[in-house]
Structures are given as structure tokens and as C-alpha cells.
Amino acid sequence: MSSAAPDLSLHPSGIVPNIDNVVAQFSLGCEVDLKQVTLHAKNCEYNPKRYPAVVSRIREPHSTACIFASGKVNVTGTKSEADAKRAATKFAKNVKKADYAASVNDFRVIWGSMLCNMSQSKLKRVELKEERSNGECRHACQHVQSMLRNI
């Protein structure tokens with residue numbers, strides 16, 4: 001996280017979120033034999049007693065994929081949608097090495113998480129704004145406040 005002052009025109013609250021993890025999903029367009037993928041593709045592990053998918057990892061962009069026999073793939077660990085798309089292409093290419101006509105189909109981002117550095121006063125300001133709007137976030141803000149008090 002950057003220690004520079006945030007651009008208040010982009011972030012009026014002064015709270016700058018940083019994307020921590022993007023989770024994407026896509027289809028290979030074919031069913032796959034997980035044992036064959038494990039034997040022919042790089043950086044794969046498969047233990048059917050523990051998890052019903054092949055777990056594959058790549059270094060750039062740093063990510064992990066869970067490849068299911070149905071051809072569905074979940075990609076985790078990337079920092080942006082573009083990185084997730086690049087990783088999906090690399091994982092599909094890796095599955096092609098096991099003699100499958102794999103490609104990236106129906107790519108979509110299904111989840112993401114963000115981190116932000118907030119002081120107690122900024123958190124209180126966020127909580128008050130949420131109480132004035134609809135009050136739905138009050139519980140989450142109180143939970144975060146109690147966590148900050150215990151630090």
C-alpha cells in the first residue's frame with residue numbers, strides 16, 4: 001500500500017482500496033480426464049481423495065487454477081481482471097498439452113477482495129455516512145471497529 005497522500009478527487013473519503021485477489025471462472029469447452037492432465041501438463045497436482053480437481057499453478061501472473069473434470073476452471077490469486085484473463089489463457093494452453101481442444105470460453109470474474117488502510121477516524125466517518133444512507137453496513141463497520149480496538 002502506498003504511503004503517498006490519496007488523490008481526493010478520485011477518493012473523496014481518503015480511503016484508497018487496493019485489489020488483493022481476483023477470482024475468475026471459465027470453461028475449457030470440453031470435459032477432461034484429470035489423471036491425463038496431471039501427467040502431461042506442467043505444475044499440476046491431483047489427489048482425488050482430498051479434492052476433486054487438478055490444482056495447477058503458474059508464476060506469471062502469480063495464480064492458481066482448479067481444473068474440474070467437467071472442464072470448468074476457477075482461477076485465483078491474480079490482482080486484476082487482465083491478469084486473470086492472461087492466467088486463464090496460460091492454463092488452457094497447459095491443458096492443451098494433454099491433447100485436449102481446450103480454449104477459454106465464458107470467462108467471467110466471479111469475486112474480488114480489496115484491502116485498504118484506514119485510521120479509526122476515517123472508519124468512524126464511513127460508519128456515520130452508512131448510518132445516514134440506509135444503515136445496512138453498520139454491523140460490518142462495528143465489527144471492524146471492534147477488531148481495531150483489540151489490536
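Guide: Let's start with E45 and R57, whose side chains meet in a salt bridge, N to O at 3.2 Å. That term is used here for a side-chain nitrogen of Lys or Arg within 4 Å of a carboxyl oxygen of Asp or Glu. The pair ties together distant parts of the chain, with E45 in strand β2 (residues 44–45) and R57 in strand β3, 12 residues apart. Strands here are DSSP runs of E, at least two residues, and helices are runs of H or I, at least four, numbered from the N terminus. E45 is partly exposed, with 46% relative accessible area, and R57 is also partly exposed at 41%; the label covers what falls between buried (under 20%) and exposed (over 50%), using a 1.4 Å probe and protein chains only.

A quick word on ground rules: this is a predicted model, so local features need pLDDT of at least 70 and side-chain atom pairs count only at 80 or more, while totals for chains, interfaces and linings use all residues. Residues are numbered from 1 along each chain as its sequence is written, and side-chain values use heavy atoms, leaving out hydrogens and water.

Now for R86. Its closest approach to E60 is 3.2 Å between N and O, a salt bridge that again links distant parts of the chain: E60 in the loop between β3 and β4, R86 in helix α2, 26 residues apart. R86 is partly exposed, at 39% relative accessibility. R86 also has a salt bridge with D83, at 3.4 Å; these two lie in helix α2, 3 residues apart, about one turn. Shared partners join E60, D83 and R86 into one network. The count of salt bridges comes to 4.

What else do those elements do? Beyond its neighbours within four places in sequence, F26 is in contact (heavy atoms within 4.5 Å) with residues including A88, F91, A92, V104 and F107.
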